[in-house]
Amino acid sequence: MNDPVKDDAVHFDPAIDTEDDDINAYIDGESRSIYNFREDESDFYRVGEGLTADIVELISREKNDPEWMREFRLRSLDLYHKIRVPEWGPPIDGLNMDNIVTYVRPNTTMKGTWDEVPEEIRSAFDKLGIPQAEHEFLAGVGAQYDSELVYHNLQESVAAQGVVYTDIESSLTGKYADMVKEYFMKLVPPTDHKFAALHGAVWSGGSFVYVPKGVKVEVPLQSYFRLNAKGAGQFEHTLIIVDEGADLHFIEGCSAPKWNVANLHAGCVELYVKKNARLRYSTIENWSKNMYNLNTKRALVEEGGRMEWVSGSFGSHVSYLYPTTILKGRNAACEYTGITFAGKGQDLDTGCRMVHIGEDTSTLVTTKSISKDGGIGTFRSSIEVMPTAVNSRSSVDCSSLMLDDISRSDTIPAMEVRTDNCNIGHEAKIGRISDESVFYLMSRGISEEEARAMIVSGFADPVSKELPLEYAAEMNNLIKLEMEGSIS
Amino acid sequence: MSAALLQIRNLSVSVEGNEILHDISLDVHKGETHVLMGPNGAGKSTIGNTLMGNPQYHVISGSILFDGQELNGLSPDKRAKAGMFMSFQNPIEVPGLSLESFIRNAIRQQTGKPIRIFQFKKRLEDTMRLLNMDPAYADRDLNVGFSGGEKKKAEILQMLMLDPKLCILDETDSGLDVDAVHTVSNGIKEYQKNSEGALMIITHNAKILESLKVDRTHVIVRGHLVADGGPELIEKISEHGFEEYIAEAADINE
């Protein structure tokens, strides 16, 4: 088989090397050291670089896919080659798929206790505080290292409620195999866009959660995705089904060490919120600045259901991230609260999309965007109100803070309203830190750097307030790291 | 007499290239309360902002010695650490930063020591009570949605919590109703009573001064210091206004 990546219509521009000076220039002097540690993985299994049917077949064999999944992967690969690279967003020509390793398997299988996880991998999660967080305030944890889950555990009491929390791979053959087949990539089909197709072809790892009818999970579950391998991609799939009247808070964390070549994250999150159910999905993505984060997240909310997104986008070189919520049932509601911090060398295109279908549906969007040191933050929102969505309400409030004159902040709101009987509002503010504010705080003995960090943290407060305490502290810490050395 | 806490010598100041203050000299000693009066636009607030180190105000010439240290060239936070405080005429709103955590941060930065939370909270509550402030304001975003009176009370609250050596009160009484003036004035008395610090009260209204002990009064008109005196000067101005001094300042300018 010849290499289809070379097909002119669809390939990434090979003229641009990933060992790009741009990347090397800005990762130097970067100060996110607490996330920036690399573990040796010379004994890990890696497939070759690039993307061919052979590689996809290899991944499928490695994972013992059911036949339908093998076919699904190959169909997705075909679509990947046919669909064009998006041309409306930040440039991604520094990403060359010929150089990306799509599958890296750690030298272990998935374990149910941390003691069984190999030392060098466990130490990475220790540094990230995952076992401690699990011990203190989580009902279950999944930990993925490169392409595979290395740890998965759910508290017995929660499992006894009938809650299922496992890796996607085992869900494909177990008791819930039919359910997974019914829902997998139905909300985000591989036809959706190029990277959804890529995901369909090479997905690996991720979590499957099922919360049965009426079950309220009192403490959050968390999956953490760590991409350690140089020049690799991470394509985890998260599938969550919260059945009628059930309630869940799911937390997703991501990080990676920095490398001087491009890494890729093209995960996919599909969330099904059934009648009168509630799902809160909180994320702090904290990628290193050589990462292309082309992630797709989507939720489908039935009658009376409630979807809550809390989303923090930190790090990455380029991000395309627009969680979408389809409010299908009557009285469905969605709240989206997000923050994006674009620093030096970063072009972060984030936002959200709301599709109102049912009557009396309501959405509330609050976003904060911060740009600094030449960073570009673009907020895109799309509010679509279908003719059936009478009496729906939507309110979008986005504010941006630019910390200097060389940074950029854009707001691109779109609205498509097809009924007269609805109430839609949009508010956008772009501001800077005023000299008076800095002087005011300094006049109380606070240094200029600290004063600016306090103002930025205050600006981010509506988002951190939505996070559990420990994660709010992590987010504030990330803001502080980003603010370090911001005084010329 | 011991050296003055604050020694201003031949100070001239410009804002956006316009000279606002001309050749000002004055001394404030420890424990003294000074009043700086003058009509609107005379340059009173310029003195306060210059002392505090507002970067929009440029010292053309002269010196400011505070507790033996030259302030010219020092950033506002260093001046605060040296013991200077200014109650702002228009306190700034900072969304997402609570009044309490702001004060706690300020104390920690000024002292460089960790704070004993329980003691701090108790002191904050007591001080808020003294100022007739609803304790719920401690958790509210700094000055956001505060009424004019609440903003000024929050300034006096910060002053009492930080316990500085010199407090500049820039038009703290402006825009306040009678009750609020009374409350703010009680806060100032508390500072006079319990602290060895000094006060520089900038105002164009004698109301706030009625129940306060005042040591010295300065009159400033068109950027010139045109009169110095004791508390009796306040009464004189209350009766006759600034007209006499305006004429005097006009002479100087010519």
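**View 1. A:R70, at 27% relative accessibility, counts as partly exposed, where buried means under 20% relative accessible area, exposed over 50% and partly exposed in between (1.4 Å probe, protein chains only).** This is a predicted model, in which local features need pLDDT of at least 70 and side-chain atom pairs count only at pLDDT 80 or more, whereas totals for chains, interfaces and linings use all residues. Residues are numbered from 1 along each chain as its sequence is written, chains are lettered from A and ligands numbered from 1 in the order in which they are written, and side-chain values use heavy atoms, with hydrogens and water left out. The side chains of A:E57 and A:R70 meet in a salt bridge at 2.9 Å, N to O, the term denoting a side-chain nitrogen of Lys or Arg within 4 Å of a carboxyl oxygen of Asp or Glu. Because A:E57 lies in helix α2 (residues 53-62) of chain A and A:R70 in helix α3 (residues 67-82) of chain A, the pair ties together parts that are 13 residues apart in sequence; helices (H or I, at least four residues) and strands (E, at least two) are DSSP runs, numbered from the N terminus. Over all chains, the count comes to 43 salt bridges.

**View 2. A network of salt bridges links A:D247, A:R278, A:R280, A:R306, A:E308, A:E335 and A:E466.** One of the pairs joins A:R278 to A:D247, their closest N and O atoms being 3.1 Å apart. This pair links distant parts of the chain, with A:R278 in strand β13 of chain A and A:D247 in strand β10 of chain A, 31 residues apart. A:R278 counts as partly exposed at 25% relative accessibility, whereas A:D247, at 16%, counts as buried.

**View 3. A:R444 lies in the loop between α10 (435-442) and α11 of chain A and B:E155 in helix α5 of chain B, so that their pairing joins two chains.** Both A:R444 and B:E155 are buried, and their side chains meet in a salt bridge of 2.7 Å, N to O. The count between chain B and chain A is 1 salt bridge, alongside 10 residue pairs in polar contact, both residues being at pLDDT 80 or more. A polar contact is a pair of N or O atoms within 3.5 Å, of which, within protein, one must be able to donate a hydrogen and the other to accept it, residues adjacent in sequence counting only if both atoms are side-chain atoms. On the side of chain B that touches chain A, the elements that each supply at least two residues are α1 (44-52), α2 (76-82), β6 (84-87), β7 (94-98), α3 (99-111) and α5 (148-162) of chain B, with the largest share, 5 residues, coming from α3(B).

**View 4. The interface of the two chains takes 31 residues from chain B and 18 residues from chain A, contact meaning heavy atoms within 4.5 Å.** Together the chains bury about 1900 Å², 66% of it on carbon and sulfur atoms, where buried area is the accessible area (1.4 Å probe) that two parts lose on being put together, summed over both. B:D77, B:I92 and B:Q109 supply 26% of the area that chain B buries against chain A, more than any other three residues.

**View 5. Domain 1 (4-321) and domain 2 (435-488) of chain A, with bounds from an automatic or database domain assignment, have C-alpha centres 30 Å apart.** Here 17 residues of domain 1 are in contact with 14 residues of domain 2, and the two domains bury about 1400 Å² between them, 64% of it on carbon and sulfur atoms. In domain 1, A:F137, A:I284 and A:F314 lose the most area to domain 2, together 36% of what that side buries. The rule finds 2 salt bridges across this interface, and the side chains of A:R280 and A:E466 meet in a salt bridge at 2.9 Å, N to O. On the side of domain 1 that touches domain 2, the elements giving two or more residues are β10 (247-255), β13 (278-287) and β16 (306-315) of chain A, and β13(A) gives the most, with 4 residues.

**View 6. The largest nonpolar core has 172 residues, and A:F125, A:L198 and A:L441 have the most contacts inside it.** A nonpolar core is a set of buried Ala, Val, Leu, Ile, Met, Phe, Trp, Tyr and Cys residues joined through side-chain atoms within 4.5 Å. Helix α11 (residues 448-464) of chain A contributes the largest share of this core, 8 residues. Domain 1 (4-321) and domain 2 (435-488) of chain A both give residues to this core, which therefore lies between them. Leaving aside its neighbours within four places in sequence, A:L198 is in contact with A:L51, A:Y80, A:M97, A:F235, A:L264 and A:A266. Apart from this core lies another, of 38 residues, among them A:V163, A:L221, A:Y281 and A:F379.
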